[in-house]
Amino acid sequence: MISLLTLFILCCSLIDGSRASFATESSSSALISPKNIRTTSRGSSAALAALENGDTTTQNNSQPSFTLKKRNPYDVHVYYNGSNQRETAMLLRSKMKQQFPWMRFYEPKDRPIGPHPLPMWEADFASYDNRVFWGEVCDFIKEEHDKLSILVHPHSLDGDYADHTKNAFWVGNVLELRI
């Protein structure tokens with residue numbers, strides 16, 4: 001059973017965005033990362049419930065924990081190839097603009113650019129304070145992505161390469177980035 005002090009430390013770390021590392025009564029340590037902090041539209045967190053049940057694993061074991069930089073915390077890249085996929089991508093863009101008006105949306109790039117192997121549009125979380133919406137945005141993308149490949153990556157202290165590889169969250173087909 002997790003002590004009240006442990007829950008208090010966890011809650012404080014969720015508020016300030018740092019990773020929560022704490023010792024349980026058995027002195028084992030656990031690390032909480034954005035991928036296992038799933039928020040709902042009401043702002044509740046399933047991570048606390050999981051911790052109360054002793055579950056300290058991540059929801060996506062292929063993605064390691066990381067510490068976010070105190071800036072825009074996440075970018076979303078929605079890839080498309082051809083006019084049909086572009087239309088699907090633009091529909092998703094419209095839905096996301098309605099669902100997440102706090103996000104910043106950038107103009108579509110109708111050709112590969114930088115490390116991105118396909119045309120895409122990009123959005124970001126705009127402010128460090130919006131990091132708490134990670135779970136809500138990812139859940140929405142999982143529901144609405146159709147057959148699109150979508151990359152959500154953090155801006156972490158691990159650096160750009162890690163953020164686009166080991167820290168990346170993909171929905172749909174994983175694309176090989178040009179990095």
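Strand β6 (residues 149-154) and strand β7 (residues 169-171) are paired in the antiparallel sense over three bridges; two strands are taken to pair if DSSP finds at least two bridges between them. In this pairing, V152 stands opposite F169 in β7, and the bridge partner of L151 in β7 is W170. The coordinates come from a predicted model, in which local features need pLDDT of at least 70 and side-chain atom pairs count only at pLDDT 80 or more, while totals for chains, interfaces and linings use all residues. Residues are numbered from 1 along each chain as its sequence is written, and side-chain values use heavy atoms, with hydrogens and water left out. Helices (H or I, at least four residues) and strands (E, at least two) are DSSP runs, numbered from the N terminus.

Strand β5 (residues 120-124) is mostly covered, with four of its five residues buried; buried means under 20% relative accessible area, exposed over 50% and partly exposed in between (1.4 Å probe, protein chains only). Strand β4 (residues 104-105) runs antiparallel to β5 and is joined to β5 by two bridges. One of the residues involved is R104, whose bridge partner in β5 is D124.

How much of β3 and β6 is buried? Six of the six residues of β3 are buried, so β3 is largely enclosed by the rest of the structure. The count for β6 is also six of six, so β6 is likewise largely enclosed by the rest of the structure. In a regular strand the side chains alternate between the two faces of the sheet. In β3, Y74, V76 and V78 point one way and D75, H77 and Y79 the other way, and all are buried. In β6, S149, L151 and H153 point one way, with I150, V152 and P154 pointing the other way, and all of these are buried too.

Axes are lines fitted to C-alpha atoms, for helices over the stretch in contact, and angles run from 0 to 180 degrees between N-to-C directions. The buried residues of α4 are W134, G135, E136, V137, C138, F140 and I141, and what covers them includes β3, α3, β6 and β7. Helix α4 is followed by D146, whose phi is positive, near 55°.

The helices also pack against each other. Helix α3 (residues 83-99) and helix α4 (residues 134-144) pack at an angle of about 150°, with their axes 11 Å apart. They are therefore roughly antiparallel to each other, given that angles under 35 degrees count as roughly parallel, over 145 as roughly antiparallel, 65 to 115 as roughly perpendicular and the rest as oblique. In this packing, L92, K95, M96 and Q99 in α3 meet E136, V137, F140, I141 and E144 in α4, where contact means heavy atoms within 4.5 Å. By class, the contact has five nonpolar, one polar and three charged residues; Ala, Val, Leu, Ile, Met, Phe, Trp, Tyr, Cys and Pro count as nonpolar, Asp, Glu, Lys and Arg as charged, and the others, Gly among them, as polar.

For the protein as a whole, there are five helices and seven strands. From the N terminus on, these elements run α-β-β-α-β-α-β-β-α-β-α-β. Of the 179 residues, 45% count as buried. Among contacts between residues at least 6 apart in sequence, 66% join residues at least 24 apart.
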